[in-house]
Amino acid sequence: MTETVVKPALFTVLWTLFVLAFASFAHASDKEGVKDLQAIHADYVKLAQKKDAAADSERNKLQHEVTSVINRISDAKTKKLSNSQIRAFASVIAEAVPRDPIAGVIGNNLEVMRANRKALDREFARLPKAKRKRINEAIKVFEDEEARGTNDTNEPEAN
Amino acid sequence: MTKWLTSHFIFRLAIIATFAVPFAIGVSAEAQQRTRLKARTDSKPSNPFMVQHRPVKTTSTAKRSGNVLNLYRAALTAGKVPAKPQLKAPIMLRDLSPEEQARMEAFASCVECFKNATTGPFSFALPRLPTAKSYALFGEEAEKLKKNWATMQMLRPFKDNFFWNNYVLKYTRASFSNLTKITAEEVKRTRHGISGNRYKGYCKEAVNDILVRSGVIESRIPGDHARQSAPYLRTLKDANGQNKFIDIAASIGHDASKAPEGAIIVYSGGRSGHIEIKVGTRYCSDYCASEPIDRVFTRKVSGIFLPVVKKVAWAK
């Protein structure tokens, strides 16, 4: 009985647990930060109609929250995000950028956006044309600024 | 039969484990996420890496120097300390009539005038206030120090009299009303209006347009980068060799949000830095935003400039 039932049963259970442990970890890391981004997106939607300075300040805080979440969840070396993370990030960008004259979400996460450009473009393609145009323009502005050379690094600074 | 049963049993067990275990893990992960979200909405620090935006706690002056203030108050009530002297308010340019203004002779910039003005507030060269280290004293020494400190407060000009900044700001604002009035429209007429209210990377060009159009400067600020305008504005002089702009960044703690209306704020950081003008409560260059750029990106205020009146002297 021990040989025929208990041992194989134990082996199977332990083996499945062993396999699933890794599978569940992979599952968790793929979804990491998605809920946070979704919550931030919901906050952005709440603020959508407000135009006063307090709302702008709130948007700015949310923008910083997005940056901290993205920094946390993106791969340390490759800066890659999973599909679900990209979906959540793209929806936040789509909500944040049209309301923000500086487009801080893009400016502060340019490196991660560049690493996931193809996947993000796929998500942006689903957006309305005006939003897509605004987002692409903002990305271009920051990339141009980054590409622009510095010809005066030894300029005297105040303070 | 037994063999079939056992194999079937193991197979079923494997299937249950395959579906039930991840489900259980998923449920627990979701519950964790939910609690984390709840914590986030309750503004509790759920994640140590997430930035929590909260007002910075500052100890008020009264709280910090509570003992001394209490001593002072007690002395006041006992009638030992002379009451606060009533000082004359300084004369502002806007308070003077055009005739009085016309009588003024040109010899110095407003700041120096104010220093030499007889109508200005009196001030003493007092020794430095005891530092925080001094509070560690106790016993007789501490009492003595506190007593002296309170006396020194009597001699020291009151906080109300420290209106040097206020004076300069009001003064320049009154004399350069052109800048504060025109900018809101000018901003829209220039780069701001070209493709909407958004950051386009032409902040310096836009500010240059505004400054030249409003007549604050004759020629455009040279250089490719916005951060280059700080040293330029700092050293820009008029025909009499007087500074055209005053840098008030140090006096307001390099805080762009404290800048007065019409101030030109220059930032360093990033490739090009940034430059913007405070128009009303907004910060404008090729776009207008309700917050200065250092709240959004890692930029550092390198100068907050206000135009200085060319020639001023006190009539009285």
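**Note on a helix pair in chain A and a strand set in chain B**

1. In H3(A), the residues A:Arg59, A:Gln63, A:Val66, A:Ile70 and A:Ile73 meet A:Gln85, A:Phe89, A:Val92 and A:Ala96 of H4(A). Sorted by class, this contact has six nonpolar residues, two polar and one charged. The model is predicted, and the points here should be read as such.

2. Helix H3 of chain A covers residues 53-73 and helix H4 of chain A residues 83-96; their axes come within 12 Å and cross at roughly 160 degrees. Because angles over 145 degrees count as roughly antiparallel, H3(A) is roughly antiparallel to H4(A). The crossing of H3(A) past H4(A) is left-handed.

3. In chain B, strand S3 (residues 274-279) is mostly covered, with six of its six residues buried. B:His274, B:Glu276 and B:Lys278 point one way from the strand, while B:Ile275, B:Ile277 and B:Val279 point the other way; all are buried. Charged side chains B:Glu276 and B:Lys278 are thus worth a look in the structure above.

4. S3(B) runs antiparallel to strand S2 (residues 264-268) of chain B, and four bridges join the two. B:Tyr267 has B:His274 as its bridge partner in S3(B). Five residues lie between the strands of this hairpin, where B:Gly269 takes a positive phi near 105 degrees.

5. S3(B) also pairs with strand S4 (residues 282-284) of chain B, in the antiparallel sense and over three bridges. Here the bridge partner of B:Ile277 is B:Cys284 in S4(B). This hairpin has two residues between the strands, and B:Gly280 takes a positive phi near 65 degrees.

Terms used: Residues numbered from 1 in each chain as written. Chains lettered and ligands numbered in written order. Predicted model: local features only at pLDDT ≥ 70, side-chain atom pairs only at ≥ 80, totals over all residues. Buried ≥ 20, exposed ≤ 12 C-beta atoms within 10 Å, placed from the backbone. Pairing = 2+ DSSP bridges. Axes fitted to C-alpha atoms, helices over the stretch in contact; angles between N-to-C directions. Parallel < 35°, antiparallel > 145°, perpendicular 65-115°, else oblique. Left-handed = near helix turned anticlockwise from the far one by under 90°. Contact = placed C-beta atoms within 7 Å.
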